[in-house]
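Please open the model in your viewer and keep the selection panel at hand. The tour below moves from one selection to the next.

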Amino acid sequence: LTNTSITDAQEMETIWTILPAIILISIALPSLRILYLTDEINDPSFTIKSIGHQWYWTYEYTDYGGLIFNSYMLPPLFLNPGDLRLLEVDNRVVLPIEAPVRMMITSQDVLHSWTIPTLGLKTDAVPGRLNQTVFTATRPGVYYGQCSEICGANHSFMPIVAELIP
Amino acid sequence: SLRHVGGLCRKHPSLIPLFVFIGTGATGATLYLLRLALLNPDVCWDRNNPEPWNKLGPNDQYKFYSVNVDYSKLKKERPDF
């Protein structure tokens, strides 16, 4: 195991530097392209504003008229049998499936975060800033999420419920 | 130390691609960071102008790379005020 024949392998070292670098670059460039593609807006059908407060959400459907309502969590005493504790709200966000929906998310007071994990959505609600997320749901149903940025005493008690109807 | 690196490369030429790739990566990362610091509309350096985002043009592109959307050709859909 003396090293008489295994030193100075310049050609092999050059190859095993350049070849993996080429492979990694050829993986990275299409991947970055996809990353920028996911950021593009695919012509949404309509726009809904979601405003976070301490400790509830306000939804504004202002494209075709002015529908504005608050969405508070249902206290446990008000739940019906079969409802989910700490997840149900009084007024759900009703949306159609198979239509690109643009959500403009902001906050009235402190940081919140509008999340629906099963739809792959999480966008921070920052006061003084308007964040945008676009999604297209494909299956009808009721989708739950919870506020995902610590916002005070009732941070765990301001859920988000999206009801997607065909 | 650059001379030292040159000496190393002469003795072991297989190190050259290593320095090239690492150097390109580090330079690229630094340049992108500088681009973000200077051109990102969320970053503000001027104390006397606290709201530079009000000056953004509707046809400017601020992304590094835009795949499908051509910002200079976007039509204006809303009225002036």
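## A salt bridge to begin with

Select E60(A) and K49(A), which form a salt bridge whose closest N and O atoms are 3.9 Å apart; the term stands for a side-chain nitrogen of Lys or Arg within 4 Å of a carboxyl oxygen of Asp or Glu. Because E60(A) lies in strand 2 (residues 56-61) of chain A and K49(A) in strand 1 (residues 46-53) of chain A, the pair ties together parts that are 11 residues apart in sequence. Over all chains, the structure holds 4 salt bridges. Helices (H or I, at least four residues) and strands (E, at least two) are DSSP runs, numbered from the N terminus.

This is a predicted model, in which local features need pLDDT of at least 70 and side-chain atom pairs count only at pLDDT 80 or more, while totals for chains, interfaces and linings use all residues. Residues are numbered from 1 along each chain as its sequence is written, chains are lettered from A and ligands numbered from 1 in the order in which they are written, and side-chain values use heavy atoms, with hydrogens and water left out.

## Backbone details in chain A

Next, display the backbone from Q54(A) to W55(A), where the peptide bond is cis, with omega near 10°. W55(A) belongs to the loop between strand 1 and strand 2 of chain A. Then move to L86(A), which has a positive phi of about 65° although it is not a glycine, and which sits in the loop between strand 3 (67-71) and strand 4 (93-96) of chain A. As background for both stops, most residues other than glycine have a negative phi, and most peptide bonds are trans.

## Domains and annotated regions

Colour chain A by its division into domain 1 (8-40) and domain 2 (46-164), bounds that come from an automatic or database domain assignment. The C-alpha centres of these two domains of chain A lie 41 Å apart.

Select residues 43-166 of chain A, where UniProt places the feature "domain: Cytochrome oxidase subunit II copper A binding" (unreviewed entry); over this range the chain is 0% helix and 47% strand, with end C-alpha atoms 20 Å apart. UniProt annotations may be inferred rather than shown by experiment.

Residues 15-36 of chain A carry the UniProt annotation "transmembrane region" (unreviewed entry), and there the chain is 100% helix and 0% strand, with end C-alpha atoms 32 Å apart. In chain B, UniProt places a "transmembrane region" (unreviewed entry) at residues 15-34, a range that is 95% helix and 0% strand, its end C-alpha atoms being 29 Å apart.

## Where the chains meet

Finally, show both chains together: 16 residues of chain B are in contact (heavy atoms within 4.5 Å) with 13 residues of chain A. In chain B, S14(B), F21(B) and V67(B) lose the most area to chain A, together 39% of what that side buries. The two chains bury about 1300 Å² between them, 57% of it on carbon and sulfur atoms, where buried area is the accessible area (1.4 Å probe) lost on being put together, summed over both parts.

Across this interface the rule finds 1 salt bridge, in which D42(B) pairs with R129(A), the closest N and O atoms being 3.0 Å apart. Helix 2 (residues 16-39) of chain B supplies the largest share of the side of chain B that touches chain A, 4 residues.
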